[in-house]
Amino acid sequence: MRHGAVLASLLVLTLLLTALMFAPPEAEAARRKKTTTTTTHTSTTRTTTTSSTTTRTTTTSVTSTTTSTAYSDTFPAVNSAILGTCPPEVHDRYFVIGPDGRKYRTWHPVTVPIDPSNPSRGTCTFAHEHGDNPVQGRFRDLPAFGYPSKVAGMVDEIAAHAGFKVFYHRMEGDGLGNRAEWRIVYHQGTAGAARLVREFHSIQIDVVDAAGRVTSVKVMGSTGQLNPKCGPRVGDRIVPDEECARRYLVYEVWYFAVRVGSGSINGARFFAAPGTAVYNPMTYMKVGDLSRVYPMSELLENLPLGSPDSFFCGNLRAIEHPDFGWGNTGSEYFWTDAFGNEASGPCTHSTCILQRVPPRYYAWFDDDSVFDGVWIDLPLGAPGGN
């Protein structure tokens with residue numbers, strides 16, 4: 001009996017070894033894939049010349065990390081409800097290295113390949129969006145979502161990832177002889193209650209005018225006081241309240257005040273006052289209660305928050321009269337704190353922000369237009385906020 005058991009064990013072992021030796025290639029590849037970690041390589045190129053049209057560029061390769069993703073306060077894990085049909089590792093593929101050397105999430109399309117190196121795996125779709133592709137026209141870099149909030153020590157904004165939006169406008173005149181191409185990267189989610197009490201939100205403004213002058217600033221911009229939409233005008237962050245929502249007056253707009261450095265345009269080297277608007281905000285407020293918000297879709301459509309059948313997914317935006325002004329009496333590059341105030345002490349990219357404003361240039365780009373954005377389709381809706 002003992003000899004029979006030994007022979008049976010040897011037979012089983014022989015069969016297992018034979019199966020492994022003759023396993024099909026795709027099975028072996030799948031086995032290996034589970035234990036493979038992709039390495040990310042980052043390269044940075046900086047170019048500086050005396051030409052007014054030269055920009056300092058940072059190029060960062062973006063690759064996929066399929067295992068052992070290290071999350072941090074600048075690259076946090078995200079709410080699974082915003083991932084749609086995409087696994088976390090696909091979303092983690094979209095990042096840049098910020099000026100401070102840290103890893104930040106960045107813009108991505110709504111629908112993306114699951115594995116760019118293997119098209120046969122198909123695509124997946126996120127349940128949130130970030131607006132326009134930032135790499136258009138003369139802008140060739142991807143923004144680091146939330147870099148100013150990290151410098152300011154307000155990293156909870158970074159965790160609200162779906163709220164980061166990009167608005168791009170091609171080179172065009174403003175009616176006063178000024179011609180410029182501009183891009184605004186800002187944080188404005190409309191699903192949560194934090195916007196009722198938070199005044200400062202990160203905003204990045206990049207401008208290139210017809211003469212090639214480059215402006216690139218990043219700050220925590222003030223949106224003033226909260227203003228319930230149907231109440232008296234007391235503030236610049238206008239959020240629809242229940243009265244307005246029931247009357248279908250749902251347009252939400254925040255009027256930023258961006259002052260960068262100390263100069264001659266409203267006391268700053270660069271000033272801007274864009275209104276960031278949302279035609280279909282996801283929620284409304286109730287006057288007297290700043291602790292929570294309520295779904296527009298439930299009130300007006302009898303649909304749950306972020307339903308793919310709802311109009312109210314926060315994905316139709318506009319920029320009102322950006323009003324850019326320049327009055328830089330100093331150098332082109334200078335340091336500020338996270339709120340745009342001139343830095344008075346030693347700075348690093350972790351403690352201050354390096355701003356760029358054309359020197360000895362005085363102009364006012366006063367455009368009273370409303371620039372409508374494009375509808376960005378969300379096939380899966382936005383159940384986790386947008």
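**Disulfide links and nonpolar cores**

The torsion about the S-S bond of cysteine 86 and cysteine 124 is about 100 degrees, so this disulfide is right-handed. The pair links distant parts of the chain, with cysteine 86 in the loop between α2 (25-33) and α3 (88-91) and cysteine 124 in strand β4 (residues 123-125), 38 residues apart. Helices (DSSP runs of H or I, at least four residues) and strands (runs of E, at least two) are numbered from the N terminus. The sulfur atoms of cysteine 86 and cysteine 124 lie 2.1 Å from each other, a disulfide being defined here as a pair of cysteine sulfur atoms within 2.5 Å. Both cysteine 86 and cysteine 124 are buried, where buried denotes under 20% relative accessible area, exposed over 50%, and partly exposed the range in between (1.4 Å probe, protein chains only).

The structure is a predicted model, in which local features need pLDDT of at least 70 and side-chain atom pairs count only at pLDDT 80 or more, whereas totals for chains, interfaces and linings use all residues. Residues are numbered from 1 along each chain as its sequence is written, and side-chain values use heavy atoms, with hydrogens and water left out.

A search of the whole structure finds three disulfides, and when the bonded cysteines are numbered in sequence order their pairing is 1-2, 3-4, 5-6. In one of these links, cysteine 230 is joined to cysteine 244 with an S to S distance of 1.8 Å, and the torsion about the S-S bond is about 105 degrees, so this disulfide is right-handed. It connects distant parts of the chain, since cysteine 230 lies in the loop between β9 (226-228) and β10 (237-239) and cysteine 244 in helix α6 (residues 242-246), 14 residues apart. Cysteine 230 counts as partly exposed because its relative accessibility is 23%, whereas cysteine 244, at 1%, counts as buried. Cysteine 347 and cysteine 352 also form a disulfide, with their sulfur atoms 2.1 Å apart, and with -65 degrees about the S-S bond this link is left-handed. Cysteine 352 has a relative accessible area of 7% and is therefore buried; cysteine 313, at 3%, is likewise buried.

The secondary structure of the protein comprises seven helices and 22 strands. Of its 386 residues, 47% are buried, and the protein exposes about 17900 Å², of which carbon and sulfur atoms supply 56%. Accessible areas were computed by the Shrake-Rupley method with a 1.4 Å probe, and for residues only the protein chains shown count as cover. Among contacts (heavy atoms within 4.5 Å) with a separation of 6 or more, 65% involve residues 24 or more positions apart.

A nonpolar core is taken as a set of buried Ala, Val, Leu, Ile, Met, Phe, Trp, Tyr and Cys residues joined through side-chain atoms within 4.5 Å. The largest such core has 31 residues, of which Trp182, Ile203, Ile205, Val258, Phe270, Phe324 and Trp326 touch the most other members. Two or more residues are given to this core by each of β6 (179-187), β7 (200-209), β8 (214-222), β12 (258-265), β13 (268-272), β18 (324-327) and β21 (362-365), and the largest share, four residues, comes from β6. Not counting residues up to four places away in sequence, phenylalanine 270 touches Ile205, Thr215, Val217, Val258, Arg259, Val260, Ile265, Phe324, Gly325, Trp326 and Val357.
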